[in-house]
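Hi everyone, thanks for coming. Let me put the sequence and the structure up, and then we'll walk through a few spots together.

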Amino acid sequence: MKKIMLLMIRGYQKFISPLFPPSCRYYPTCSNYTFQAIKRFGALRGMMMGTARILRCNPFVRGGYDPVPDNFSLKRNQKKNHKN
């Protein structure tokens, strides 16, 4: 299941995402975040984290650097080391 989900995300990144203008509020992008979360936490938890991240992505948030946390969490990563 994990491999199938990772392949689907890579397919989206390669074939669907380039058709739209860049509009990401976060770094890494939601698809990269979900890919990393699935690799680290497995299919179910990774998809839950990716879904929560997508739900956080709206016009009312500032966005910015939000890496996959070291421990499973559905909240925004509050690490203070920001990458730009």
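So, which residues in H1 are buried? Before I answer, some ground rules. This is a predicted model, where local features need pLDDT of at least 70, side-chain atom pairs count only at pLDDT 80 or more, and totals for chains, interfaces and linings use all residues. Residues are numbered from 1 along each chain as its sequence is written, and side-chain values use heavy atoms, with hydrogens and water left out.

Okay, the answer: Met 5, Leu 6, Ile 9 and Gln 13 are buried in H1. Buried is under 20% relative accessible area, exposed is over 50%, and partly exposed is in between, with a 1.4 Å probe and protein chains only. Helices are DSSP runs of H or I with at least four residues, strands are E runs of at least two, and both are numbered from the N terminus.

Look down the axis of H1: the buried residues fall within an arc of 100°, so they line one face of the helix. That arc is taken from the directions from the helix axis to the C-beta atoms. The face turned away from the buried side carries exposed residues, including Lys 3, Ile 4 and Lys 14.

Now the rings. There are two aromatic pairs here. Rings of Phe, Tyr and Trp (its six-membered ring) pair if their centres lie within 6.5 Å; planes under 30 degrees apart are stacked, over 60 edge-to-face, and the rest tilted. Tyr 27 and Tyr 65 are stacked, at 6.0 Å centre to centre with 25° between the planes. Tyr 27 is in strand S1 and Tyr 65 in strand S2, so this pair ties together parts 38 residues apart in sequence.

Phe 41 and Phe 72 make an edge-to-face pair, 6.2 Å centre to centre and 70° between the planes. Phe 41 sits in helix H2 and Phe 72 in the segment after S2, 31 residues apart. Phe 41 is buried at 18%, while Phe 72 is partly exposed at 31%.

For Cys 24, the nearest cysteine sulfur is that of Cys 30, 6.4 Å away. For Cys 30, the nearest is that of Cys 57, at 4.6 Å. Cys 24 is exposed at 52%, whereas Cys 30 is buried at 16%.

Terms used: Disulfide = S-S within 2.5 Å.
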